[in-house]
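Please keep the sequence and the 3D view open while reading.

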Amino acid sequence: MTDTAPPKVSSWNRQTYQRLKLALSLGLRRQIYLAVCDDLILRNRIANRLYAELGHPQLVNINLNPQQPNPIAQIAQWFATRSIPRVSLGAPAFQILGVELLTKQSASVQALFLRHLGAIERSMLLGPEPINNVSLLLWLPQPWFHSIQQSAPEFWRWHTGVFEFEGEPTPLPPTQRHRPEVSLRTAVGEETPVRGENLKHIVPIDLAGERRDREQKEEIKESQEQRSRNQELQNAPANTSRTAQNPDERSGGVILPALQEIDQLAKSSPDPTVLVEAYLKLGNHYRDRVEQGDATPENLITAIQAYERALQCVGTDYAQASDILNDLGNLYWMLSRSSASPEEILSYLEQGIQAYHLALTKVSADASPLAYAMIQNNLGAAYGDLARYRDSAINLELAVQAYQQALRYRRPLIEGEDATVAMRYASTQNNLGTAYWHLAQHQDPHKNLKLAIDAYSEAVSYYHPEQEPINWAMIQNNLGTAYWNLAQYEQPEEFLPKAIEAYQNALKYRTPEVVPAASAATQNNLGTAYWHLANSSQSDPLMRQEYLRLCIMAYLSAIALAHGLATSTPQVVVSFDVFATYNNLGLAQYQVATDSQFSLESKQKSAHLDAALHHHLLALQGFSNQIRSVGTPVPLTDNYQAALNYVVRTIRTFYREEGIQGQSRALSKVPGQFLPEILPKL
């Protein structure tokens, strides 16, 4: 039993960070530092801050290759492609990220990584220069940290220091308007058929008439024998399977009757203008269905098929080609969001981006500034999605460039101008802010977060909360998250109150009655901002206690809304992990109970400890259920391990505060299934 008072989480992390930064700044050779953190968002934030403050070439980031996990080989490759830096502080240190990805690899790949770690001593002692002069900072989640101690003893014996970081509450990422902007090409007076209508009515009457005229001419010109042979060919089994021999792969070979009828007429080369009209009318019909919310893969694919056939008829020099290509880009982009396979998602996004780029070559920015800006805005959204799957920083920079191009031709509201232009300008500013926010998670956090705040501030100034309450509140929520993120790097006493103010503004219109899921998300963010403000305010205990009280209230509100939505009909899933919020709530209750500067009576401390244990156990049970529902072994999950560690810490505190009786009371509340893991840790 350890009878020591643990420090507050945030102050512990600050102290640990300063120790780690000092160790790296000394520039010592052949050092191996282990940084342990289960919270990936926190890990990335700390790693980015280290890189920003120490700077290249003193610290170099290496993302571990999960298929060939050999850190020394990757470092050697880095040296092979660059000149060796000469710095007065000594050889560079290499920050190795991505070990957590090995959990998804096979057991043989994981074992290979452990063998490579075991060989690092030989490489750093006996290897050639400059490999034998470098130092390593290896980031590990707790499960891998314990595995290395047991399975790579040679590496473990040679490590220099361990720096353990506790998980911290983190708000949700900002959101952007994911609805792509469409071209207005539907003919005046054209009505969109209702769902379930006979699709042949979508085909223009002129096309059907042309078919009848052609058949009559053929009957006159052909002999009776020729007509009989044609009839036999039409009834032959080989002919019925001809379409299936060349199916559209994306739709599994299924082609709508109306599209099939146009395809048959196209084989006889009728007037291309008539064919294009038919294909476009069909494409518009399904595009409109998608716009009205019926964005099934079948509707998306059918619209894509129709538009692509239209372009095949007339080529990309067609007068409306840029509009068609923009809509094709939108449809591919939306199709990527309805796909589950990463390969399909990448393929659809690439095809969408290709369509947008081709559309931009068919439109003049000076002659058609609104159309040009629309396509650039959509291109930015597609690049933003692509960044989730590949080359994140590169694609986010491309997204930023596209949004900036759109804003060159989307002017702020000028007197007498259509208000729609200003709303699109504001929407693109919001999208630009979100792209900057995500880019800040990969590079230049100070610069990119400030640019995100500038963009959000510009966007929100064009929305009036009484007229556009939901959009205004969304951007206020985004602004709060950007301020929170910036506070992790500088001036928390200034930026955290600004984050809280923005979240509170959002909650004026993100109410449980109007948008309960969004309200819950912002309450969750607000609780996190109060938690960090409490941990950054070291001088006034009363203010710290008040911030933690407000933090607890916000988390409780978020959880209550989430549970209400989970039991509603239809069920609504919130955008945050409720069990992580339980853990955060437990952290706040624990801090209230253990802060020595708070004037609490024994009963009050005990009540807060009870609440902390209760919420950590709810989180532990929830993560355990999630794991078992997908068949993942329990010990391999970071969230589960973090919750388990919090439970153990709280039980130890019960012992410290109330002795063996308090420990027994705490253990009596733990479900029996968890006791075999908890008791050895005590």
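Leaving aside residues up to four places away in sequence, Glu397 touches Leu439 and Gln443. The model is predicted. Glu397 sits in helix H18, which spans residues 392-408. Is Glu397 buried, partly exposed or exposed? Its relative accessibility is 34%, so Glu397 counts as partly exposed; the band for that class lies between under 20% (buried) and over 50% (exposed). His438 is 41 residues from Glu397 in sequence. In space, the C-alpha atoms of Glu397 and His438 are 9.9 Å apart.

Now the sheet. Five strands form an open sheet with parallel pairing. Their order is S2-S3-S4-S1-S5. Which strands stand at the edges? Strands S2 and S5 do, each with a single partner strand, so one side of each has no neighbour in the sheet. On average, neighbouring strands are turned by 20 degrees against each other, direction ignored.

| Strand | Residues |
|---|---|
| S1 | residues 32-36 |
| S2 | residues 59-63 |
| S3 | residues 93-97 |
| S4 | residues 135-140 |
| S5 | residues 161-164 |

S1 and S5 run parallel and are joined by four bridges. Across this pair, Tyr33 stands opposite Gly161 in S5.

A helix also packs on the sheet: H3, residues 71-80. Which strands does H3 touch? H3 touches S2, S3 and S4. The direction of H3 makes about 120 degrees with that of S2.

Conventions: Residues numbered from 1 in each chain as written. Predicted model: local features only at pLDDT ≥ 70, side-chain atom pairs only at ≥ 80, totals over all residues. Heavy atoms only, no water. Pairing = 2+ DSSP bridges. Helix = DSSP H or I, 4+ residues; strand = E, 2+ residues; numbered from the N terminus. Axes fitted to C-alpha atoms, helices over the stretch in contact; angles between N-to-C directions. Contact = heavy atoms within 4.5 Å. Buried < 20%, exposed > 50% of the residue type's maximum accessible area, 1.4 Å probe, protein only.
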